[in-house]
Amino acid sequence: MSVDVLVIAEAVAGEVLDVTYELLGKGRELSDGFSGELGAVLIGEPSPQDLFGAADVLYSMSGMEAGYCAPQWEMALGEVLRSADPKVVLVSTGTVGIDLAGALATQFGGVLASYVIDAVMEEGSLVVTSQLYGGKLLSEVEIDSFPAVLSVLPGSFVSDAGRVAGEPRREVIDVGGSVSSAKGVAIELREPDSSGVDITAAPLLVSVGRGIGSKENVELVAELAEAMKAPLSASRPVIDQGWLPKPHQVGKSGKKVKPTVYLAFGISGAPEHLEGMRSADVIIACNTDAKAPIFEVAHYGTTLDLFDLVPELTDQVGG
Amino acid sequence: MRIVVAMRQLADLVEELEVSDDGTDIDREFVKFISNEWDEAALEEALTLKDELGATVTVVALDEPDVDQTLYAALAKGADRVVKLTGHDPDTWVRSRERAQRLASFLTGESFDLVLTGVQAADDLDGQLAGILGSLLELPHAAVVVGVEGSDSKVRVTQELGGGLLGVSELDLPAVLGIQAAKQAPRYAPISRIRQAMQTGEIGEHEVELSDSAVQVKVRRLYPPESTGAGATMLKGSPKEVAAEIIEIIKSKGLV
C-alpha cells in the first residue's frame, strides 16, 4: 500500500537520531496536506523506546546485511520506495541525504532539493526553502511534479512534533535479492576515536576555524587555550586540512558540545558546525565578516581580526 | 588505475553575493570564482593514489569562469591530462543535475576505474554530484568519503556516518566517490610551476550536447536570510578593550 510521504529514519549505534523525529513531525504535516498517509522506514529493527507513532506505517526490511554500504542501502531503499510509492521522501542531509538522495531521486525520475530548511504545501505545490552558499542565501523552489526527495538540514524543524508514541502498521519488505546483487559489501564499523582530548566535558572551549589560515597559526589560539586551561576545539575545515586531529572537531560529524562558554575564532558558522555547538550557554564569536552566520547564534560578537584579539586575550589571561 | 577527477568553479564565499535582477541566481558579473574546496580534496586523493599505485589522473571540468586556472594548477600538481567540457553557457548556474548529465556524457566515452569529486558544493540545490553521477552511470558510489584504498578490481572506502562513526566498505570498480577529506591537505602548486604548465600543458576540449533537459526543481527566488533579531551583542572598541570585556564575561561564569 502506498503512502504520500515517506521518512527515511536514521540511527547511529542503534539510537534513532533527533533529526528523524524532526522529519516525522514535518512529514505528518505534509501528509495531512496531501490527505494521505505517512510512512517511515528504518534500516534495522526499531527498539521498544523508538517513537514512530507519528507514522501510519513503519516499513522494515528483511534480508538486509549488517553495516553500512552505500550500494546496498541504495538498492534496499529503492525496494522500499517502489513498494511505498511516496510523493515526497524526507531524508536528513546526513549520511543518507548526501550519499543516497541524489541517486534515489535520479533512479525514480524525481526532483531533489538539498539543504532544505522549510517545506510547506501551497495550493497543491510543495514550496521548499533551502540554504545555499553556506547560509548566505536562501532559495525558494516550487515543486509540482512528484516524486520529490527533500534532503533536510538537521535542526530545521521541531523534533517534539514527531516524537509520538503509538503503534504504526508494520510492513516488512524483502530486500535480500536486491542487496545480494549490489556492487559492494560492508566491511566494518569504526567507533569514534576517543583518545586524547575530551572536548565534550569542558565548561570552557576555545575553538578555531578556517579563518586561522594555516597550521602554523593554530599555535596562536592553542596558546590562548592553554592560558585559559581550556581544550582547543575546531570546525571542520581545520580538521580536514590536518591542522588538528579528529577528536578536536565540533559539529555534525565531530562532537556535540555544550560548554558554559564557547569561544569561536575565525568560524563562519556553517550549519554542520552550528549543529554541534549551538547549545552552549554563552557563545562569543570573533569573525571579520559581520554577516557571518555564526553571529546569528552567538550571544556576543566582534569583527576584530583574531590575530589582533587573540594575543591580547592571552596576555590579559596570563597577566 | 585510471582516475578521473571532476572539478568545478564556485563563487568565493568570502565575497558579498548579490542576487541577479531576475532574482533566481547570483549576480555572476563581479563575483570571484574559485575551485570548489572539496574538489581540491578529491584531486589530492587522486594524486596520492597515483603516487601509491601509479595511476593516471584526468581532471575534467565544465567551462566556467577562471576554470583554466584550476585546470593548469591541476597539471602543475601532477595531473596527467585536463579536459574542459563546453556546449553550455559558462556564465550561468549549471545545476548539479545538469552538471552530472554533462559529466556522464563525457565519461561514457572514457575508460576509467574511479571517478572522484568533492562531496558537495555550496550551490548543490539539486543534490550532491557523486550520487547523481553514479546513478546516471549505473555505477556503485559513495559520498562523505575520508579514506580510499585501491586495488585492481575493488576500492575500499571509509565514510563518515555521523557522530564520529566510520563505515568501511568495499565497492566494485569502476565506482564514483564524493570526497570529504583526502589523506593529507591539498598540495600547493607554486606560481612558477603553474606558469610552466600554462606554457607546456594543454587543456583538451570536449563539447557536450544534451538531448534531454535535466529534471530539477524550479527556483522561484534567491534571497538573503533575514536576521532573526536574536543575533549577537557586538563588542566594540580596541582589541585590548574587547579582550577585557570577553574575559569579564568568562569570569562572570566562574571560569578562568
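Reply: A contact means heavy atoms within 4.5 Å. This is a predicted model, in which local features need pLDDT of at least 70 and side-chain atom pairs count only at pLDDT 80 or more, while totals for chains, interfaces and linings use all residues. Residues are numbered from 1 along each chain as its sequence is written, chains are lettered from A in the order in which they are written, and side-chain values use heavy atoms, with hydrogens and water left out.

Me: Among contacts in chain B between residues at least 6 apart in sequence, what percentage join residues at least 24 apart?
Reply: Chain B has 256 residues, and its secondary structure comprises six helices and 13 strands. Helices (H or I, at least four residues) and strands (E, at least two) are DSSP runs, numbered from the N terminus. Of the contacts between residues at least 6 apart, the share joining residues at least 24 apart is 70%.

Me: How many residues of chain B are in contact with chain A?
Reply: Chain A and chain B bury about 7,200 Å² between them, 60% of it on carbon and sulfur atoms. Buried area is the accessible area (1.4 Å probe) that two parts lose on being put together, summed over both. On the side of chain A, 83 residues take part; on that of chain B, the number is 89.

Me: Which residue of chain B meets A:Glu140 in a salt bridge?
Reply: A salt bridge places a side-chain nitrogen of Lys or Arg within 4 Å of a carboxyl oxygen of Asp or Glu. Between chain A and chain B the count is eight. For A:Glu140, the N to O distance is 3.3 Å and the partner is B:Arg221.

Key: Buried < 20%, exposed > 50% of the residue type's maximum accessible area, 1.4 Å probe, protein only.
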